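Hi,

Here is the structure I promised to pass along.

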Amino acid sequence: MSICIPTYNRYEKLRPMLLQLLACKREDFEVIVQDNCSNDGTQNIKEDIKDSRLRLIENSKNIGGILNGYGALLNANGKYCMICLDKDCVLGNKLEDFLKTLTETPAISYGLCNLNVKSQNENEIYTSQEERFKFFAYIGRHPSGMFWKSQLLKNCSIIPRILNSNITFGFFTELIFAECSSKEGNGLCYKNPLIITETPEEAAQKKTLTYDISQIFFLPKNRITEYKIYLGHLELLTLNKKIFAWFRVFIRGLKITTMWYKKIMRDTLHLEHYGISPRNITTLEIIGIAVRYVISVLFASRKKAFNGLFLEDF
């Protein structure tokens, strides 16, 4: 297992996380820290923490937080690779249980970990294409705790295009999960303690380094683009019951773009992280957003939106 941590100027959080993670006695995992040109001492981590399981990879230039994450994953040497953002935490005292689960269920090709779990639960394995696609594809989850067989990830046709992406898009993992779910291999939802995310209070204290104000993912215009991308990508996949999958993603996008937006615009702590002031979203505004979503997604070119992610056409 390779635990891949993309980082930029968060050494004060990264160091204690690494210390407790590397306290795990197992030797069959590595921790990759992919440093995106930090200037806070991150580059000295190998001198500070002497452990052969820790690898530091330093970028020659800042490539942005999103691409840095994929760079870390593609540098994995383990059979599986997992991403964890530098603001979150993989619990070292729970890692052995997770690795044991992967060892005992070798048919698992990819999966994700439920976040901030405090008690033991029964994990869930998704075997059919329909089950996998419904659970994993185009959901828009937080990336920490997502994992794949390393070779499967490296062989994904979408990966070279992601690395050449010319826009800030925070949900490339959804395209990877969709592609993986359309193929053979089981998916695992790990429902036991392992990944702890930063608290809303912690997030509010530090502004996002990934998005500028126009790119914030939950704004309606960006949500509309997101779901046009998903549906354009879906049309390229080989799926059973594709029309049902398309309709399910379309309806989810409508709900996320309208009602979830209304809810998040009242979440003061969440908005503070993105430098936005809370406000009440009226019913009339919601109706207007819904109309724009339906017209844009149904009548605009979804394939063009998907291709627009990348520098080359295909």
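Predicted model: local features only at pLDDT ≥ 70, side-chain atom pairs only at ≥ 80, totals over all residues.

**Cores**

The largest nonpolar core has 65 residues. If you want a place to start looking, the residues with the most contacts inside this core are F133, Y138, W148, I176 and F218. Helix 11 (residues 242-264) supplies the largest share of the core, with 7 residues. A separate core of 33 residues lies apart from that one, and its members include L21, L22, L54 and L99.

Setting aside residues up to four places away in sequence, F133 touches Y138, A178, S181, L234, L237, L239, A245 and R248.

Two of those, A178 and S181, belong to helix 8, where they are buried. The rest of helix 8 (residues 172-181) is covered as well: 10 of its 10 residues are buried. That includes E174 and E179.

**Helix 10 against helix 11**

How do these two helices pack? Helix 10 (residues 220-234) meets helix 11 at an angle of about 170 degrees, with the axes 10 Å apart. The pair is therefore roughly antiparallel. On the helix 10 side the contact uses P220, R223, I224, Y227, Y230, L231 and L234. Helix 11 brings K242, A245, W246, V249, F250, R252, G253, I256, T257, W260 and Y261. By type, the contact residues split into 13 nonpolar, 2 polar and 3 charged.

Is R223 buried or exposed? Its relative accessibility is 5%, so R223 counts as buried, the cut-off being under 20%. Beyond its neighbours within four places in sequence, R223 is in contact with F171, F217, F218, I256, T257 and W260.

**Strands**

Strand 1 (residues 2-7) is mostly covered, with 6 of its 6 residues buried. In a regular strand the side chains alternate between the two faces of the sheet. Here S2, C4 and P6 point one way from strand 1, while I3, I5 and T7 point the other way.

Strand 1 has parallel pairings with strand 2 (residues 30-35), over 6 bridges, and with strand 4, over 3 bridges.

**Two backbone angles**

Most residues other than glycine have a negative phi. Which residues go the other way here? N116 has a positive phi of about 60 degrees without being a glycine, and Y138 likewise has a positive phi of about 60 degrees.

N116 sits in the loop between strand 6 (108-115) and strand 7 (124-126), and at 37% relative accessibility N116 counts as partly exposed. Y138 is in the loop between helix 5 (129-136) and strand 8 (147-149), and Y138 is buried, with a relative accessible area of 1%.

Cheers

Terms used. Residues numbered from 1 in each chain as written. Heavy atoms only, no water. Core = buried A, V, L, I, M, F, W, Y, C linked by side-chain atoms within 4.5 Å. Buried < 20%, exposed > 50% of the residue type's maximum accessible area, 1.4 Å probe, protein only. Helix = DSSP H or I, 4+ residues; strand = E, 2+ residues; numbered from the N terminus. Contact = heavy atoms within 4.5 Å. Axes fitted to C-alpha atoms, helices over the stretch in contact; angles between N-to-C directions. Parallel < 35°, antiparallel > 145°, perpendicular 65-115°, else oblique. Nonpolar A, V, L, I, M, F, W, Y, C, P; charged D, E, K, R; others polar. Pairing = 2+ DSSP bridges.
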